[in-house]
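Work through the exercises below with the sequence and the 3D view at hand. Try each task before reading its solution.

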Amino acid sequence: MKRLSLAATLIGFGLLAACSSPVPEGESALEVSDAYIVMPAGGQGIASGGMVVTVRGGDEMLTAATTDAADSVEIHTMSMDDGVMRMRQVESLPVTEKAPLVLKRGGNHLMFFGFDKTLAVGDSADIVLTFSNGQGKEQMLVTKAEIIGQGD
């Protein structure tokens, strides 16, 4: 499993603190709320998750996610094609001041592969999110996601 680095954690906490202060020209401040991971059914190793990401300042793209709670994390879209729900992995999803990034069941979401079977409903897991402004600058943000049940 991938382990979160101390540097990534410190960067994330620094960004969280920055969200309450004015955003310098040419910069952006990201904030995550309502993060969750749905506990896999029947001991399966694949879970899904969601959250809401807002930004102040410049536009950003969610380009990656990692966690100790799974071997890998993918960014997915969900669409309907001829009455069939289709899920597709994508490289990134945008977040702007006018259009927050909403990841949820039945829509765009995160998929967690090789989910840690020792976790239970009510536990939490850190997720490291990587964002890019499209001009070579990356930001990493750490958020805590609650593990919720299938029907929650």
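**Exercise 1: Overview and confidence**

Task: State what share of the protein chain is buried, and list the elements of the chain from the N terminus on.

Solution. Buried residues account for 38% of the 152 residues in the protein chain. The chain holds one helix and ten strands. Their order from the N terminus on is α-β-β-β-β-β-β-β-β-β-β.

The next step is confidence, since this is a predicted model. The average pLDDT of the protein chain is 87, and 85% of the residues score at least 70. Over residues 5-11 the pLDDT is below 50, and this stretch has six contacts in the model beyond near neighbours in sequence. Residues 13-19 also have a pLDDT below 50, with twelve contacts in the model beyond near neighbours in sequence.

Last come contacts and surface. Of the contacts in the protein chain between residues at least 6 apart in sequence, 69% join residues at least 24 apart. The accessible surface of the protein chain is about 8100 Å², and 54% of this area belongs to carbon and sulfur atoms.

**Exercise 2: The hairpin of β4 and β5**

Task: Find how many bridges pair β4 with β5, and which residue in their hairpin takes a positive phi.

Solution. Strand β4 spans residues 72-81 and strand β5 spans residues 84-90; seven bridges pair them in the antiparallel sense. As one example, Thr77 has Arg88 in β5 as its bridge partner. Two residues lie between the strands of this hairpin, where Asp82 takes a positive phi near 50°.

**Exercise 3: Salt bridges**

Task: Count the salt bridges in the whole structure, and say which residues are linked in a network.

Solution. A search of the whole structure gives three salt bridges. Take the pairs in turn.

- Arg86 and Asp81 meet through their side chains at 3.5 Å, N to O.
- Asp81 and Arg88 meet likewise in a salt bridge, at 3.3 Å, N to O.
- Asp126 and Lys144 form a salt bridge whose closest N and O atoms are 2.9 Å apart. This pair links distant parts of the chain, with Asp126 in strand β9 and Lys144 in strand β10, 18 residues apart.

Asp81 takes part in a salt bridge with Arg86 and in another with Arg88. Asp81, Arg86 and Arg88 are therefore linked in a network of salt bridges.

Now check the accessibility of these residues. Asp81 is partly exposed at 27% relative accessible area, Arg86 is partly exposed at 37%, and Arg88 is partly exposed at 40%. In the remaining pair, Asp126 is partly exposed at 28%, whereas Lys144 counts as exposed at 53% relative accessibility.

Notes: Residues are numbered from 1 along each chain as its sequence is written. This is a predicted model: local features need pLDDT of at least 70, side-chain atom pairs count only at pLDDT 80 or more; totals for chains, interfaces and linings use all residues. Side-chain values use heavy atoms; hydrogens and water are left out. pLDDT is the predictor's confidence in each residue, from 0 to 100. Contact means heavy atoms within 4.5 Å. Helices (H or I, at least four residues) and strands (E, at least two) are DSSP runs, numbered from the N terminus. Buried means under 20% relative accessible area, exposed over 50%, partly exposed in between (1.4 Å probe, protein chains only). Accessible areas come from the Shrake-Rupley method with a 1.4 Å probe; for residues, only the protein chains shown count as cover. Two strands pair if DSSP finds at least two bridges between them. A salt bridge is a side-chain nitrogen of Lys or Arg within 4 Å of a carboxyl oxygen of Asp or Glu.
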